[in-house]
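Me: I'm new to this one and would like to know how the labels get decided. Could you show it to me and take my questions one at a time?

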Amino acid sequence: MSGIASFFRPFSRRSLAAELRRVDAGHGIGQVPARLSPDTIAPLVCGYCSTGCALLAHIRNGHAVNLSPAPHYPVNHGTACPKGWQALAVLDSADRATVPLVQDRRGHRRRVSWGEAIEIFVGRMRRIIMEHGPDAVAFLGSGQLPTEELAFFGSLAKFGMGLRHGDGNTRQCMASAVVAYKECFGFDAPPYTYADLEESEVIVLIGANLAIAHPILWRRVLRNQHLRALVVIDPRTTETALAATLHVALRPKSDLVLFYGLAHLLLRQGWYDRAFIAAHTSGFEAFAAHVAEYSPEVVTAATGVELQTLLELARLIGTSRRVSFWWTMGINQSYEGTRAAQAIIALALLTGNIGRPGTGPNSITGQCNAMGSRLFANTTCLLGGRDFRNPAHRLEVAEILGIDPQRIPDTPGLSYAEIVEAIVAGHIRALWVVGTNPLHSWINRSDLEGLFDRLEFLVVQDMYHSTETAQRADLLLPAAAWGEKWGSFINSERRLGVIRPVRRPPGEALPDFSIFQHIAEAWGAGPMFRSWRNPQDAFTRLRELSRGQPCDFSGVRDYEDIERAGGIQWPWPADKAGSEPEPHRRLFSDGKFFHPDGKARFVFEAAREMPEAADEAYPLLLLTGRGTAAQWHTQTRTSKAPVLRRLYPADAYVEIHPDDAQRYGITSGCEVFVESRRGKARVRASVTPTVRPGQVFMPMHYVETNRLTHAAFDPYSRQPSYKACAVRVRPAPSWEEE
Ligand SMILES: Nc1nc2c(c(=O)[nH]1)N[C@H]1C(S)=C(S)[C@@H](COP(=O)(O)OP(=O)(O)OC[C@H]3O[C@@H](n4cnc5c(=O)[nH]c(N)nc54)[C@H](O)[C@@H]3O)O[C@H]1N2
Ligand SMILES: Nc1nc2c(c(=O)[nH]1)N[C@H]1C(S)=C(S)[C@@H](COP(=O)(O)OP(=O)(O)OC[C@H]3O[C@@H](n4cnc5c(=O)[nH]c(N)nc54)[C@H](O)[C@@H]3O)O[C@H]1N2
Ligand code: SF4
Ligand SMILES: [Mo]
């Protein structure tokens, strides 16, 4: 047993079970949440990004007073970024939702009891369903809730309440990677382990700004002692690109052409792994014929990448033994994100860079539990990574949960964008939003504002009453946050980790899990969830649901197993129960994939035009993304921590190249209007050569950004194409309104 055990020791199996009971006892309506053991150190994984660092909460008198990074955890090795370290500060904020609130048509908010709140929820939802059918109600969830809560939410909504349409913010984030993996591997299975970052000879980061978005993974890159080349493919000279040995500043959204061009060169030079391709893949001949058209001339013209750079990149990939490809939102958030991700997978298959240390086509996830959401939210896939359309899968789930198979819908239902369209069309009249803030984060969100007002019933379940979306809610349900409840997350490398209550939820706020329990009871679906008494019980259901699936973790007996091992990566089937997992495990070392023929597939398609290119009227391309390591998404949390607020600019800003700034009469710090065909935003200019001429960049953390974005989607994943649309920029006169 490694040193990890030392910080888990305070919780023996008995004390953990006792504590579970105590805290659960406190999760009933009207009951005071129980206190933690008086003075101790309690481990829990971080509730922000998908890296999944372990933190230690320092408890005084049953109340966490500080956090420090866990010293021996195999993910973060004693380090943490500012968000994680400051995660307690955001729990104390004055705008925490502490009581259920009802809002009338004139915008007056009134406090109600939990009993009334649940009655209103059930009464109004039922009335809408009776008048318009169950398809008139939809739900939206989040990759920031623990898997137990997500599975409960999705099961209650679909099996208990009979809804069909529900999605999550993971659609904004991971959908393209999910579809790419499913089609290529037969399952949504990111194959890597973080140690691969340390074992690669060549690392290729694609549309991924690790230094900002995954700072602790970035540290893992810096620990690599074998690295010959660090390639960053990003139109901007990001913090990450500055450290690259080769920065490929391609034209936005020309990735697909670049990858096909690389495949073309690899084939032409003979730099590919014939034996691996023959034994473990299908579709190679057709792929080779497809990329024949992507000659270096075609590729350099389309991508703006110089011939020398293209040849150098092909040589690095083709002649190195351990090449790993890592991608994030620069790829997924695109109108052709699925195919671009599959082109990355194709490069790895072509060169046999998979299943060995330091290799892999590796999608890095975003939120702390995006991976749990992908498998268990019961939205795009049926619980446990199954398919709603498959009758055998429906039977399996019905049997495990002890429910009537007829209650399981036979389609996944509408995606996020289609839910929005159905609200426009008046088909969806009620929406239940849990742990996401669409009125800030949805693409071209200004469209949503009027729409949400037209909903007959908007329920928002959030830890704050002040979010853009919560402010519109007819019914606001106050939720306990990370640090105030139990559950488990799955990080980017498939590692299960545990969160635990180290603080009391404020006022009458309840864990989402308890809110779902109360709704289930009041709805009359209580018996269906009797065995989901608390998150640990729900975890037992999840284990069963995972059994026999590629994501099998039926060998994980309980939370304590996870904590003792320093997190457990799936798969961890039942025959492993009780044994100690290696700290790092990757998939496909046996060359067997999850398709019935055991082979991985080449999937490809011709590259397409950008939906809204720059033109005369709107001559600049707007890129969006993460701004600093201290900011999280729509800032509902990170703006509440005084330390974090000092680490990022308070006002919204746009980064613009010095040549463009000069052309438009703009100086650094001056106020400008950024305008698109959808809207206009007054922000500060930041003049910097990190963006190319003809491109500008705005962080997503400010509400202004998604007033401008263009609602285009990948046709396969339905993921929004957040990262490129046409805008213009001009100085903002003080008298002109926004
Ligand atoms: N500090 C912080 N960390 C976070 C988050 C946060 O809000 N704040 N959010 C988390 C979440 S949910 C996610 S999904 C991840 C996102 O993590 P990342 O994807 O790394 O972050 P982004 O800044 O959205 O996008 C990455 C890069 O894509 C580039 N890009 C834009 N267009 C293109 C293109 O066409 N091609 C290529 N190759 N690159 C392009 C952008 O210039 C940007 O630098 O971060 C997670 N970590
Ligand atoms: N232009 C542009 N837009 C983007 C992106 C981009 O790159 N560019 N990135 C997209 C991506 S990748 C993502 S993931 C989305 C994120 O978009 P959102 O999901 O809208 O962003 P968050 O601010 O994380 O919202 C989470 C909400 O949940 C609440 N919350 C936190 N913890 C809990 C909890 O335990 N229970 C409950 N009930 N509520 C809780 C928070 O207060 C907050 O209101 O944004 C997308 N939008
Ligand atoms: S890198 Fe991610 S998981 Fe680690 S402390 Fe920061 S936000 Fe939390
Ligand atoms: Mo994300």
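Me: How do you know whether H264 counts as buried or exposed?

Reply: H264 has a relative accessibility of 11%. Buried means under 20% relative accessible area, exposed over 50%, and partly exposed in between (1.4 Å probe, protein chains only). So H264 counts as buried. By the way, this is a predicted model, where local features need pLDDT of at least 70, side-chain atom pairs count only at pLDDT 80 or more, and totals for chains, interfaces and linings use all residues. Residues are numbered from 1 along each chain as its sequence is written, chains are lettered from A and ligands numbered from 1 in the order in which they are written, and side-chain values use heavy atoms, with hydrogens and water left out.

Me: What does H264 touch, not counting residues up to four places away in sequence?

Reply: V291, A292, Y294, S295 and P296. Contact here means heavy atoms within 4.5 Å.

Me: Why is the pair F153 and F516 called stacked?

Reply: Rings of Phe, Tyr and Trp (its six-membered ring) pair if their centres lie within 6.5 Å; planes under 30 degrees apart count as stacked, over 60 as edge-to-face and the rest as tilted. The centres of F153 and F516 are 5.0 Å apart with the planes at 5°, so the pair is stacked. F153 is buried at 2%, and F516 is buried at 0%.

Me: What makes F376 and F553 edge-to-face?

Reply: Their centres are 6.0 Å apart and their planes stand at 65°. F376 is buried, with a relative accessible area of 0%, and F553 is buried too, at 2%.

Me: How many aromatic pairs does this rule give?

Reply: The count comes to 34. Ring pairs also link a cluster, with F121, F139 and W432 among its members.

Me: What makes K640 sit over the face of Y464?

Reply: A charge sits over a ring if NZ of Lys or CZ of Arg is within 6 Å of the ring centre and within 35 degrees of the ring normal. K640 lies over the face of Y464, at 3.7 Å from the ring centre. K680 lies over the face of F673, at 4.5 Å.

Me: What is the mean pLDDT of the chain?

Reply: pLDDT is the predictor's confidence in each residue, from 0 to 100. The mean is 94, and 95% of residues reach 70 or more. Over residues 1–17, though, the pLDDT is below 50, and residues 26–35 are below 50 as well. Where pLDDT is low, the predicted coordinates should not be read in detail.
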